[in-house]
Amino acid sequence: MEAPGCCRRHLPVLLLWVNGLMTLGLAGEGLAGAHQQTRPCNESLMLEKLPACGKYFEEMMKKVDSKKWCNLTEFIKYYDIFTQCTEHEAFYASCFWPNPLVEGFITRIHKQFFLNCTSEDVLWEDPPDEILITLILIPVMLTCAMITLVVWCSKRSDILA
């Protein structure tokens, strides 16, 4: 019968430990996300290398019928390679990705290939009331439950310690 009480005592410590890992970025992205770059961004090198990514994407898009350029499933592999290439070149030049220069380059590629891919006006509407109420109430109820738990634990600190 002592095991449930033991687990209850260690639960806050476990939750704090997991929260600390997530705050440091160790839970999802590994150690790479927690470090800052040490070298300054070499923008001229990046701008010199990015056109190779665009050239490769252009060559690959020649394989796709121009009437299908607005259908993402027809060229998603090429676009993914293009995106990875721009990311690689930005990191190679010690720059963050995305950054304004890369975004400008990608925008120029979009204008070149996807200018005529305007979608029809989408009529946005609210989800059904049942879904909307659920989406609103779940975070509200979780917040209330967490507040209640914190207050309850603070009043019963002698038992939890």
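The entries go from the whole chain to single residues.

**Basis.** I am working from a predicted model, where local features need pLDDT of at least 70, side-chain atom pairs count only at pLDDT 80 or more, and totals for chains, interfaces and linings use all residues. Numbering starts from 1 along each chain as its sequence is written, and side-chain values use heavy atoms, with hydrogens and water left out.

**Fold.** I listed six helices and zero strands in the protein chain, taking helices (H or I, at least four residues) and strands (E, at least two) as DSSP runs numbered from the N terminus. The pattern along the sequence is α-α-α-α-α-α. I then looked up contacts (heavy atoms within 4.5 Å). Of those with a separation of 6 or more, 69% join residues 24 or more positions apart.

Accessible areas come from the Shrake-Rupley method with a 1.4 Å probe, and for residues only the protein chains shown count as cover. The chain exposes about 13000 Å², with carbon and sulfur atoms supplying 64% of it. I class a residue as buried under 20% relative accessible area, exposed over 50%, and partly exposed in between. Buried residues are 16% of the 161 in the chain.

**Salt bridge.** I found one salt bridge in the structure, defined as a side-chain nitrogen of Lys or Arg within 4 Å of a carboxyl oxygen of Asp or Glu. It pairs K62 with E59 at 3.5 Å, N to O. K62 is exposed because its relative accessible area is 58%, whereas E59 counts as partly exposed at 35%.

**Patches.** Patch residues have over 30% relative accessible area and no salt bridge; like charges are joined within 9 Å, and nonpolar side chains (Val, Leu, Ile, Met, Phe, Trp, Tyr) within 5 Å. Lys and Arg count as positive, Asp and Glu as negative, and His and the chain ends are not counted. A charge is placed at NZ of Lys, CZ of Arg, CG of Asp or CD of Glu. I noted a negative patch of E125, D126, D129 and E130. D126 sits in the loop between α4 (100-114) and α5 (129-155) and is exposed at 64%. A nonpolar patch of about 530 Å² is made by L132, I133, I136, L137, V140 and M141. I133 belongs to helix α5 and is partly exposed at 47%.

**Backbone.** Most residues other than glycine have a negative phi, and most peptide bonds are trans. I noted S94, not a glycine, with a positive phi of about 65 degrees. S94 lies in the loop between α3 and α4 and is buried at 7%. The W97 to P98 peptide bond is cis, with omega near -5 degrees. P98 is in the loop between α3 (72-92) and α4.

Key: Buried < 20%, exposed > 50% of the residue type's maximum accessible area, 1.4 Å probe, protein only.
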